[in-house]
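This report covers the chain contacts and the ligand site of one model. Please keep the sequence and the 3D view open while reading.

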Amino acid sequence: MYVSSPPEPVGLANRMTARAALATELSGGASRIRALRSDGPLVLRPSHPKGAEPLTHRRPDVARVSLAAGTAGPLGGDDYALSIHVGGGSTLVLQEVSAMLVLPGATGGRSRTAVDIRVESGATFVWWPEPIIAAHRCDHEHDIRIEIAPDARMILREEAILGRHGEMPGDFASRLRITRGGLPLYDQRLRFGPGAEGADGPAILGDAGAVGSVIVVDPVWVDDAPPALPFHRDAARTPLAGPAVAIAAIAADSLALRRLLSRGVQDLGAPWAA
Amino acid sequence: MARAAGGSAALLLLADGRLPAGGYAHSGGLEPAVTAGRITDMAGVERFLIGRAETAGLTAAAFAAAACSRAARDDLSDLSGLEAELDARIPSPELRTVSRNLGRQLRRAMAGIHPHPHYATLGAAPHQPIVMGVAAAVLGLGPRDAALAILHETNSGAAAAAAKVLRVDPFEVHAILARMADRLDRLAGEAAAAAAGPACDLPAPASPLADIAAEHHRRTHVRLFAS
Amino acid sequence: MTEKTPRSLRLGVAGPVGTGKSSVIATLCRHLRDEFALGVITNDIYTDEDARFLKSAGVLPEERIRAVETGACPHTAIRDDVTMNLMAVEDMERDFAPLDIVLVESGGDNLTATFSPALVDAQLFVLDVAGGGDVARKGGPGIARADLLIINKIDLGPHVDVDVAQMVADAEGAREGKPVLALSRKHPDTIEKLCDWVRQLHAAHAAGHHTPVDPGPMAPHHHPHDSNHAHGHSHD
Ligand SMILES: Nc1nc2c(ncn2[C@@H]2O[C@H](COP(=O)(O)OP(=O)(O)O)[C@@H](O)[C@H]2O)c(=O)[nH]1
Ligand SMILES: [Mg+2]
């Protein structure tokens with residue numbers, strides 16, 4: 001190759017593909033990790049209780065795993081996939097070490113994270129990730145699919161921060177689709193950034209710097225999920241069309257967002273309140 | 001069932017805010033946003049309407065288009081599946097109720113205006129976009145028409161509400177609608193394209209503020225509009 | 001779609017705000033609830049004030065009083081687009097079958113709004129003496145052709161300088177023989193007359209002798225004092 005020719009696009013050359021997997025099972029009355037496969041930047045590690053944790057407060061017979069983003073990213077062009085299997089009757093608490101920063105690649109291009117989750121019969125899944133920060137000029141698609149058995153329970157949090165301090169976010173889309181016993185329970189794709197017209201308007205996010213939700217599924221709510229509760233001008237708990245609630249909030253920053261979401265979880269009372 | 005001459009007149013009938021189906025009692029989330037202090041002027045109205053069209057509007061349009069293509073094939077077995085998919089896309093129970101109330105009303109009206117056996121097979125409280133899709137099919141219209149009808153009806157309804165809850169110049173309101181015309185055409189096209197695929201892949205755009213404000217609105221003592 | 005279930009008598013109560021529509025409904029409920037199975041639909045401009053008033057008055061079990069929100073267009077809800085009210089009436093008839101009478105209170109934003117015959121079988125139009133003695137003379141579809149015109153609050157006549165007898169006479173003049181009832185909640189004999197009128201109407205309806213009449217459309221109108229009163233629909 002001649003030095004005078006245009007350089008190979010760095011972003012494309014450095015595209016990262018990662019496929020990680022995690023599975024738990026119930027064995028001898030305790031949950032244990034059956035499979036744990038890290039890949040590249042997706043580093044999965046058995047962990048210990050870390051801070052507030054709903055449902056399983058410091059119980060020892062629970063499988064705990066933490067997910068660490070080994071490098072900054074994903075960057076434009078990166079393609080991460082994580083598959084999670086919470087085996088029948090087992091309990092998995094998945095936490096994260098730090099916030100995930102989504103950055104543009106050197107040549108642009110979209111980055112993708114796909115998380116595919118199965119929560120089997122009688123299982124409990126707690127996913128307590130840290131926020132995703134959508135940096136300026138990023139272009140990221142986050143796609144989470146969860147199939148949960150009718151008698152399993154789950155709580156998960158999602159938080160997105162619109163840009164690092166003082167910057168405008170890039171294009172960000174996050175889809176969360178939950179089916180329960182194969183039937184749709186919750187399906188929302190949140191978009192913001194320059195390509196999402198109206199997202200910073202009064203119908204979607206206004207001038208929020210952070211947006212998030214907590215989804216809680218509990219089969220004991222089959223006949224009566226906790227009622228709707230708009231508990232703050234910018235936050236509400238809403239029962240879904242099934243034994244589940246969504247707690248949604250917008251806020252100026254990640255701290256204020258976390259406060260609202262935590263309050264929503266506290267309002268659910270035991271056993272959810274951490 | 002397709003109409004030879006394009007069915008434009010039937011489409012206008014369906015999209016007309018004067019269709020007696022009770023739509024005038026709703027502001028499509030505009031009054032809740034005004035009450036919350038998030039809309040104070042015409043620029044705010046426009047940003048609201050754009051955001052709403054791109055989220056709730058697109059969802060409604062896609063489901064109307066999907067229901068229309070199923071009803072046009074006389075395949076109503078799948079409509080309950082569409083209902084469940086739409087429920088999953090509306091986190092606010094208040095907005096699910098509003099959608100179902102408007103759906104019941106539209107069915108009640110259309111069953112009188114242009115009777116068809118399809119209306120009786122819809123469940124007790126079908127969602128508005130599903131009924132709109134079936135009504136479009138019954139009138140010989142296609143999925144894109146169904147999408148456009150609900151996009152136009154809900155957009156112009158919310159815009160009209162602006163005149164009651166804000167100090168506005170009605171010509172400016174319609175200027176916004178005129179600027180949005182291309183957008184609605186594009187969204188109707190997207191909706192119709194999505195409707196050709198499986199129900200689980202229909203658009204699911206989130207609008208957290210609309211959900212939050214709708215729940216507050218239900219608990220507001222003084223309001224002009226039901227939603 | 002609900003044609004097969006036995007239909008109640010649907011009785012509309014129209015008239016300007018404050019003339020006593022809710023009070024008339026409360027009075028009817030109190031006096032007729034032991035004779036008839038009743039339901040009430042209220043129409044409100046803001047939220048569900050009237051339904052709350054009637055519920056707190058305890059005139060009927062709460063679930064038999066339901067509010068329809070009319071999006072600040074109460075005249076549309078009883079005339080041009082009755083779907084919400086029609087469904088509220090049908091739901092009520094279905095949920096409490098068999099009902100004898102469903103009373104529908106209009107949101108009452110002006111003098112000219114009347115019920116469509118698609119919604120009610122008969123309607124009362126309520127004026128009060130406090131609105132001035134010459135209101136009845138002015139006429140309009142409700143005043144001229146409602147099934148019964150009520151001149152309410154006649155106990156206030158002396159206090160507001162209104163000659164009640166003259167007002168009733170003017171009203172009768174405007175109505176070509178249709179009935180006019182001078183009413184006050186403080187005059188039990190007038191209440192009894194109102195109840196009798198409803199009893200007779202119900203008997204005629206049940207026997208299939210009653211034919212709904214349309215008082216006629218609203219007069220062409222504009223809203224000179226209310227520039228905010230724009231509509232998503234036209235008035236004809
Ligand atoms: N003095 C007097 N006041 C009455 C009578 N009927 C109703 N009112 C009062 O008139 C006011 C308006 O009555 P309401 O029934 O709420 O009127 P609506 O707006 O037409 O429903 C209330 O303060 C009632 O107490 C009456 O017969 N005599
Ligand atoms: Mg009243």
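## Ligand 1 and its shell

The shell around ligand 1 divides into three nonpolar, seven polar and five charged residues. Here Ala, Val, Leu, Ile, Met, Phe, Trp, Tyr, Cys and Pro count as nonpolar, Asp, Glu, Lys and Arg as charged, and the others, Gly among them, as polar. This is a predicted model: local features need pLDDT of at least 70, side-chain atom pairs count only at pLDDT 80 or more, and totals for chains, interfaces and linings use all residues. Residues are numbered from 1 along each chain as its sequence is written, chains are lettered from A and ligands numbered from 1 in the order in which they are written, and side-chain values use heavy atoms, with hydrogens and water left out.

Of the 15 residues around ligand 1, the nearest are C:Gly18, C:Lys21, C:Ser22, C:Ser23 and C:Asp155. A residue counts as near if one of its heavy atoms lies within 4 Å. Helix H1 (residues 21–32) of chain C gives the largest share of the shell, three residues. Helices (H or I, at least four residues) and strands (E, at least two) are DSSP runs, numbered from the N terminus.

## Polar contacts to the ligand

Which side chain places an N or O atom 2.6 Å from an oxygen atom of ligand 1? That side chain belongs to C:Ser23. A polar side-chain atom of C:Lys153 lies 2.9 Å from a ligand oxygen. For C:Glu105, the side-chain N or O atom is 3.1 Å from an oxygen of ligand 1. Taken alone, ligand 1 exposes 580 Å², and the protein buries 75% of that. Accessible areas come from the Shrake-Rupley method with a 1.4 Å probe; for residues, only the protein chains shown count as cover.

## How the chains pair

Two pairs of chains are in contact, and chains A and B share the most contacts. Contact means heavy atoms within 4.5 Å. No contact joins chain A and chain C; their closest C-alpha atoms lie 19 Å apart.

## Chain B against chain A

This contact takes 36 residues from chain B and 33 residues from chain A. The two chains bury about 2800 Å² between them, 59% of it on carbon and sulfur atoms. Buried area is the accessible area (1.4 Å probe) that two parts lose on being put together, summed over both. B:Arg38, B:Leu209 and B:Ile212 supply 19% of the area that chain B buries here, more than any other three residues.

Chains B and A have 18 residue pairs in polar contact (both at pLDDT 80 or more). A polar contact is a pair of N or O atoms within 3.5 Å; within protein, one must be able to donate a hydrogen and the other to accept it, and residues adjacent in sequence count only if both atoms are side-chain atoms. H3(B) gives the largest share of chain B's side, eight residues. By class, that side has 17 nonpolar, six polar and 13 charged residues.

There are five salt bridges between chain B and chain A. A salt bridge is a side-chain nitrogen of Lys or Arg within 4 Å of a carboxyl oxygen of Asp or Glu. One joins A:Glu197 and B:Arg183 (2.8 Å, N to O).

## Chain B against chain C

Here 25 residues of chain B touch 28 residues of chain C. About 2300 Å² is buried between them, 57% of it on carbon and sulfur atoms. In chain B, B:Tyr24, B:Arg108 and B:Lys164 lose the most area, together 33% of what that side buries.

Four salt bridges cross this interface. B:Arg108 also meets C:Glu90 in a salt bridge (2.5 Å, N to O).
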